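Trainee: I have a new model open and would like to learn how to read it. Can we go feature by feature?

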Amino acid sequence: MALRNIVEEGDPILRKKCREVGEVNERIQMILDDMVETMRSAQGVGLAAPQVGIMRRMFVAEPTPEEVYCFVNPEIISVEGEQEGEEGCLSVPGMAGTVVRPERIKIKGLDRYGKEKVYTFEGFHAVVMCHEFDHLEGILYTDKASDVHPVREEL
Ligand code: NI
């Protein structure tokens with residue numbers, strides 16, 4: 001596995017719509033594994049393929065430690081309710097903002113092995129999945145946030 005460089009806001013790559021993955025082959029699995037390693041190294045809870053310069057519809061997430069999800073060609077099937085919370089993004093370092101997201105979502109996609117999975121997520125899990133899904137559409141949380149502000153570094 002290898003760490004990949006994270007693309008930052010301002011790079012047009014983050015604004016493009018990603019294309020579907022044709023087949024979950026070894027190359028795709030290698031990219032997903034690299035993305036998990038890169039996300040963990042950067043202490044993030046999610047990372048989408050365009051953030052490492054790959055314009056394909058896939059993302060990884062670890063909303064709570066040791067609970068890793070890989071989504072290939074994800075689809076949000078349904079959304080319910082509303083919640084408001086503070087978000088950040090590895091592509092927008094040092095910043096945070098308040099975003100309104102669905103409280104509960106149903107999402108389906110292929111896992112690391114190309115197997116179809118369906119999940120219902122709520123709370124923070126739903127926030128993470130919606131945030132990462134948006135990256136595949138070229139959307140950043142800063143587009144939806146009511147106040148984007150610098151985060152004070154804890155010493
Ligand atoms: Ni992000």
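Trainee: Are histidine 131 and histidine 135 buried or exposed?

Mentor: Keep in mind that this is a predicted model. Buried means under 20% relative accessible area. Both histidine 131 and histidine 135 are buried.

Trainee: Which protein atoms are the donors of the nickel ion?

Mentor: Donors are N, O and S atoms within 2.8 Å of the metal. Here they are Cys89 (SG), His131 (NE2) and His135 (NE2), at 2.1 to 2.2 Å from the nickel ion. Along the chain, their spacing reads C-x41-H-x3-H.

Trainee: Why are histidine 131 and histidine 135 separated by about one helical turn?

Mentor: Because they sit four residues apart in helix α2, residues 124-136.

Trainee: What span should α2 have, and what does the model give?

Mentor: Count 1.5 Å a residue; the 13 residues should then span 18 Å. The end C-alpha atoms of α2 are 19 Å apart, which agrees.

Trainee: How many residues of α2 are buried?

Mentor: Twelve of its 13, so the helix is mostly covered. Among them are Val127, Met129 and Phe133. After α2 comes glycine 138, with a positive phi near 80°.

Trainee: What is the strand order of the sheet?

Mentor: Read across the strands: β1-β2-β3-β6-β7, an open sheet of five with antiparallel pairing. At the edges, β1 (46-48) and β7 (116-122) each pair on one side only.

Trainee: Where does helix α1 lie?

Mentor: Helix α1 (residues 26-41) lies across β1, β2 and β3, at about 40° to β2. α2 also packs on the sheet, and its direction makes about 160° with that of β2.

Technical notes
Residues numbered from 1 in each chain as written. Predicted model: local features only at pLDDT ≥ 70, side-chain atom pairs only at ≥ 80, totals over all residues. Heavy atoms only, no water. Donors = N, O, S within 2.8 Å, 3.2 Å for Na, K, Ca; no water. Helix = DSSP H or I, 4+ residues; strand = E, 2+ residues; numbered from the N terminus. Buried < 20%, exposed > 50% of the residue type's maximum accessible area, 1.4 Å probe, protein only. Expected span 1.5 Å × (residues − 1). Pairing = 2+ DSSP bridges. Contact = heavy atoms within 4.5 Å. Axes fitted to C-alpha atoms, helices over the stretch in contact; angles between N-to-C directions.
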